[in-house]
Amino acid sequence: MKCAVIGVGNMGRHHARNYFEIKGWQLVAIADQNSSLGKELAKKYHCRFYKDYREMLKREKFEAVSIATPTSTHYPVATDCIRAKKHVLIEKPIASSLNEAKNLIKKAQKNQVKLTVGHIERFNPAIKKLKLMIDQGKFGKIKSLIFQRVGLIPLQIKDANVIIDIGIHDIDLANFLLNAIPQKIIAFGGKVLTNHQEDHADILLKYSSGVAHIQINWITPTKIRRLMITGTKGYAEIDYIDQKLIFYRHHYAQTYDNYGDFVIKFGRESKKRNILIKKSEPLKEELKSFLKSIRSDKEPEVTGKEALLALKIALKISKIIKKGNKDKKKH
């Protein structure tokens, strides 16, 4: 399957590397406004370089493309690629607005091409294993999800706040793991180190069965990516970076005492289990999945509609935080 990459900066360069390495893909071209970087990577991965992606679309023959350009450019770039009948993977978020996202989904359907979005954490082996355990009933009913995604602000971020840029990962994961849509949203946040975009937020998503608490920021001096999940039958901790999953199973019984009162009796102490995870690069798994969906003519693992939902929630959270901060200033 011949492919190309548009935008080879922070994430795009890794798309190019993986396309070059994965059996089944053939990287034929990359496009980027940075000529020196683009030429260097084109030489490294034995493909052609274009400064203008539209020129690449005219001259090159390929079936699929990754778009890793700034968020504000996702819509026009993806529109051009879809019109050229290319299967498209867009780095998250799908677009800057809900209308843009909806239009891209419609355009992809009309042109009969696959459209997927880079919600990469879905392809983390630890998350894959966790989802399997949830579906098998290992956790019982999920009551609490606590996400922590913190670190320092990336230098390349210019057109997205912390919610849209990194919080959207855990918004999507909460929906994915619970297979549900939040019924209520509460959010707090603001600007500490930047004056143009929110750089920290604490978000509560209330689902029918439980609550997801998402803590995100660009002000913590160390990078942390973890999830703690509590169910009626068990508890687990995940480290996204190390791809570690630790599971604790509850040992208790619900019964009645001699007076007929309801009591909970705890059995032996829960022992932690380090769940075996076969480690792999999430982006590599994402691109393999993209290839599989094209070849089998099936829906991608992350659909445009799911990406649209994550964006819708992220934009609503941003609005709630901005409104809350405006109301504070009034008082």
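**Entry 1: around H4**

I looked up what covers the buried residues of helix H4: the cover includes strand S1 (2-6), helix H3 (53-59), strand S4 (64-67), strand S5 (87-91) and helix H5 (98-111). I took contact as heavy atoms within 4.5 Å. Helices (H or I, at least four residues) and strands (E, at least two) are DSSP runs, numbered from the N terminus.

This is a predicted model, where local features need pLDDT of at least 70, side-chain atom pairs count only at pLDDT 80 or more, and totals for chains, interfaces and linings use all residues. Residues are numbered from 1 along each chain as its sequence is written, and side-chain values use heavy atoms, with hydrogens and water left out.

How many residues of H4 are buried? I found 7 of the 10 in H4 (residues 74-83), so the helix is largely enclosed by the rest of the structure. Buried means under 20% relative accessible area, exposed over 50%, partly exposed in between (1.4 Å probe, protein chains only). The buried ones are His-74, Tyr-75, Val-77, Ala-78, Thr-79, Cys-81 and Ile-82. Just after H4, I noted a positive phi of about 65 degrees at Lys-85.

**Entry 2: H4 against H5**

I checked the packing of H4 on H5: the angle is about 10 degrees and the axes are 10 Å apart. Axes are lines fitted to C-alpha atoms, for helices over the stretch in contact, and angles run from 0 to 180 degrees between N-to-C directions. The two helices are therefore roughly parallel to each other. My cut-offs: under 35 degrees is roughly parallel, over 145 roughly antiparallel, 65 to 115 roughly perpendicular, and the rest oblique.

H4 brings Tyr-75, Ala-78, Thr-79, Ile-82 and Arg-83 to this contact. H5 brings Glu-100, Asn-103, Leu-104, Lys-107, Ala-108 and Asn-111. By class, I get 5 nonpolar, 3 polar and 3 charged residues. Here Ala, Val, Leu, Ile, Met, Phe, Trp, Tyr, Cys and Pro count as nonpolar, Asp, Glu, Lys and Arg as charged, and the others, Gly among them, as polar.

**Entry 3: the parallel sheet**

In what order do the 6 strands of the open sheet lie? I read S3-S2-S1-S4-S5-S6, with parallel pairing. Two strands pair if DSSP finds at least two bridges between them. The edges are strand S3 (48-50) and strand S6 (115-118), each pairing on one side only. Neighbouring strands are turned by 20 degrees against each other on average, direction ignored.

Ala-31 stands opposite Tyr-50 in S3. Helix H1 (residues 12-21) lies across S1, S2, S4 and S5 and runs at about 165 degrees to S1.

**Entry 4: antiparallel strands**

I then moved to strand S7 (residues 142-152) and strand S11 (residues 219-231), which run antiparallel and are joined by 9 bridges. Leu-145 has Ile-229 of S11 as its bridge partner. S11 also pairs with strand S12 (residues 234-239), antiparallel, over 5 bridges. A hairpin of 2 residues links S11 to S12. Met-228 is bridged to Glu-237 in S12.

**Entry 5: H7 against H9**

Last, I looked at helix H7 (residues 162-178) and helix H9 (residues 304-330): their axes come within 9 Å and cross at roughly 125 degrees. They are therefore oblique to each other. The contact residues of H7 include Ile-164, Ile-168 and Asp-172, and those of H9 include Leu-311, Ala-314 and Ser-318. By class, the contact has 12 nonpolar, 2 polar and 2 charged residues.
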